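Here is a briefing for a reader who is new to this structure. Please look over the model first, then take the points topic by topic.

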Amino acid sequence: MTDEPAAPPVVLLVEDDGLLLMEASDTLAEAGFDVLEAPHADKALAVLKDRPDVEILMTDVDMPMGSMDGFALARVVAHRWPEIPVLIVSGMGTPGPGDMPEGAQFIPKPYAPTMLVRTLKACLKRAA
């Protein structure tokens, strides 16, 4: 009997800034995540409909493209896919009352790559 190696956790990364998207994607891939990328919330929702294997969502807040910001995306995901933990990141300040769905985590930008990886892994552990 052979033990299959565990599949890498699938993270959906939603970030409109191409450089930040690339940096976060590289950091997460190096940490052992399977990274799916979306430049805005509408694309992220399309990915979630097509990919039932997404295990965690990481989203920026301020995304000019698309029909909603990261807070709205987080609330939609928490409602439609309550099993998917959500990490919200922003350089625009901290969330106000009602911005984040229950259980979502927040880290401010700029964040250290090690903090990002640690926070995502902690979110996954809590959801397991």
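Asp 53 and Arg 51 form a salt bridge, with their closest N and O atoms 2.7 Å apart. A salt bridge here is a side-chain nitrogen of Lys or Arg within 4 Å of a carboxyl oxygen of Asp or Glu. The model is predicted: local features need pLDDT of at least 70, side-chain atom pairs count only at pLDDT 80 or more, and totals for chains, interfaces and linings use all residues. Residues are numbered from 1 along each chain as its sequence is written, and side-chain values use heavy atoms, with hydrogens and water left out.

**Salt bridges**

- The whole structure holds 3 salt bridges.
- Side chains of opposite charge can pair when their charged atoms come close.
- Asp 53 is partly exposed, at 32% relative accessible area.
- The classes are set as follows: buried is under 20% relative accessible area, exposed is over 50%, and partly exposed is in between (1.4 Å probe, protein chains only).

- Which residue meets Glu 15 in a salt bridge? The partner is Lys 109, at 2.8 Å from N to O.
- Glu 15 sits in the loop between β1 (10-14) and α1 (18-30), and Lys 109 in the loop between β5 (105-108) and α4 (113-127), so the pair ties together parts 94 residues apart in sequence.
- Helices (H or I, at least four residues) and strands (E, at least two) are DSSP runs, numbered from the N terminus.
- Glu 15 counts as buried, at 4% relative accessibility.
- Asp 60 and Lys 109 also meet in a salt bridge, at 3.2 Å from N to O.
- Asp 60 lies in strand β3 (residues 56-60) and Lys 109 in the loop between β5 and α4, so this pair ties together parts 49 residues apart in sequence.
- Shared partners join Glu 15, Asp 60 and Lys 109 into one network of salt bridges.
- Asp 60 is buried, with a relative accessible area of 5%.
- Not counting residues up to four places away in sequence, Asp 60 touches Val 14, Glu 15, Asp 16, Gly 70, Val 89, Ser 90 and Lys 109.
- Contact means heavy atoms within 4.5 Å.

**Ser 25 in helix α1**

- Ser 25 lies in helix α1.
- Is Ser 25 buried or exposed? Ser 25 counts as buried, at 9% relative accessibility.
- Beyond residues up to four places away in sequence, Ser 25 touches Leu 13, Val 35 and Glu 37.
- The side chains of Ser 25 and Glu 37 are joined by a polar contact of 2.7 Å.
- A polar contact is a pair of N or O atoms within 3.5 Å; within protein, one must be able to donate a hydrogen and the other to accept it, and residues adjacent in sequence count only if both atoms are side-chain atoms.

**Leu 124 in helix α4**

- Leu 124 lies in helix α4.
- At 18% relative accessibility, Leu 124 is classed as buried.
- Leaving aside neighbours within four places in sequence, Leu 124 is in contact with Pro 9, Phe 33, Glu 55 and Ile 56.
- Leu 124 and Ile 84 are 40 residues apart in sequence and 8.7 Å apart in space, C-alpha to C-alpha.
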